[in-house]
Amino acid sequence: ATAPLTVIRASPSEDQGLDWSPNGRWIVLHSHADGLDDLWIQPADGSTPARSITRGGIETGWPRWSPDGAWIAYSTQLPDGNRLRGALFLLGVDPATGAVTREAQRVPVRGTDGDIDAVEWSGTSDSLVFLASEGLDRRAIYVVARQGGKARLAHRFTSEQVFSGLGVSPDSRWVAYVARAAP
């Protein structure tokens, strides 16, 4: 195509990390619109403008809808002493109306010292896969229940990619990530 068929959002902001709701009705995205660093939601058909659904984010990561459409998971940074630490958050959403059903809350994750900077859902809406930075070039992939708890280490690796993201296969058997290739 020489041009897009439809422009859903045209903003001067840093809009990125878009994710469609499973029912196709909504798009959630990271934006710096209105000077915020938060999540916004809008109808996929562009019938109404995007609206902010979180407040107070710092380096908010890319949002991801749960397979059942009832949850949005994302990362954001929180003050921790003299530095910021990446944390995992969950927000409840009505997939039919786009209304927030549960305000964003931090998912209590134990068993990792790393900063959480990317999150994806497993094949179900019961667990999350996240990427943690454990040092300058040390990265780890963990799995944790949606409600939080002790995270299970899936894989540790080196990568100089700071915000590389990850992807989970539909059957949850595979996770794709960015790492240095063997020489």
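User: Hi! How many helices and strands does the protein chain have?
Analyst: Hi! The protein chain has zero helices and 16 strands, where helices (H or I, at least four residues) and strands (E, at least two) are DSSP runs numbered from the N terminus. This is a predicted model, in which local features need pLDDT of at least 70 and side-chain atom pairs count only at pLDDT 80 or more, while totals for chains, interfaces and linings use all residues. Residues are numbered from 1 along each chain as its sequence is written, and side-chain values use heavy atoms, with hydrogens and water left out.

User: What radius of gyration does the protein chain have?
Analyst: The protein chain has 16 Å, which agrees with the value near 16 Å for a compact globule of 183 residues. That radius is taken over C-alpha atoms, and the globule rule is 2.2 Å times the number of residues to the power 0.38. Along its principal axes, the C-alpha trace spans about 45 × 40 × 40 Å.

User: And what share of the residues is buried?
Analyst: Buried residues account for 43% of the 183. Buried means under 20% relative accessible area, exposed over 50%, and partly exposed in between (1.4 Å probe, protein chains only).

User: Let's zoom in on Glu 134. Where does Glu 134 lie?
Analyst: Glu 134 lies in the loop between β11 (127–133) and β12 (138–145). Glu 134 counts as buried because its relative accessibility is 17%.

User: Which side chain does Glu 134 make a polar contact with?
Analyst: With the side chain of Arg 156, at 2.7 Å. A polar contact is a pair of N or O atoms within 3.5 Å; within protein, one must be able to donate a hydrogen and the other to accept it, and residues adjacent in sequence count only if both atoms are side-chain atoms. Leaving aside neighbours within four places in sequence, Glu 134 is in contact (heavy atoms within 4.5 Å) with Thr 112, Gly 114, Ala 140, Tyr 142 and Arg 156.

User: Now Asp 115: buried or exposed?
Analyst: Asp 115 is buried, because its relative accessible area is 18%. Asp 115 is in strand β10, and a 3.2 Å polar contact joins its side chain to that of Arg 83. Not counting residues up to four places away in sequence, Asp 115 also touches others, including Leu 84, Leu 131 and Ser 133.

User: Switching to pockets: what volume does the largest pocket have?
Analyst: The largest pocket has a volume of about 540 Å³. Of its 32 lining residues, the closest to the centre are Gly 61, Asp 117, Ala 118, Val 162 and Phe 163. β6 (71–80), β7 (83–93) and β10 (115–121) are the elements giving two or more residues to that lining, and β10 gives the most, with six.

User: How do you define a pocket?
Analyst: On a 1 Å grid over the protein atoms alone, a pocket is an open set of points with protein on both sides within 12 Å along at least five of seven lines, using a 1.4 Å probe; lining residues have an atom within 4 Å of a point. Grid points are joined across faces, edges and corners, and the volume is the space filled by probe spheres set on the points.

User: What about the second largest pocket, what volume does that have?
Analyst: About 220 Å³. Among the 14 residues lining the second largest pocket, Val 143, Arg 152, Ala 154, Ser 172 and Val 175 are the closest to its centre. β14 gives the most to this lining, with three residues.
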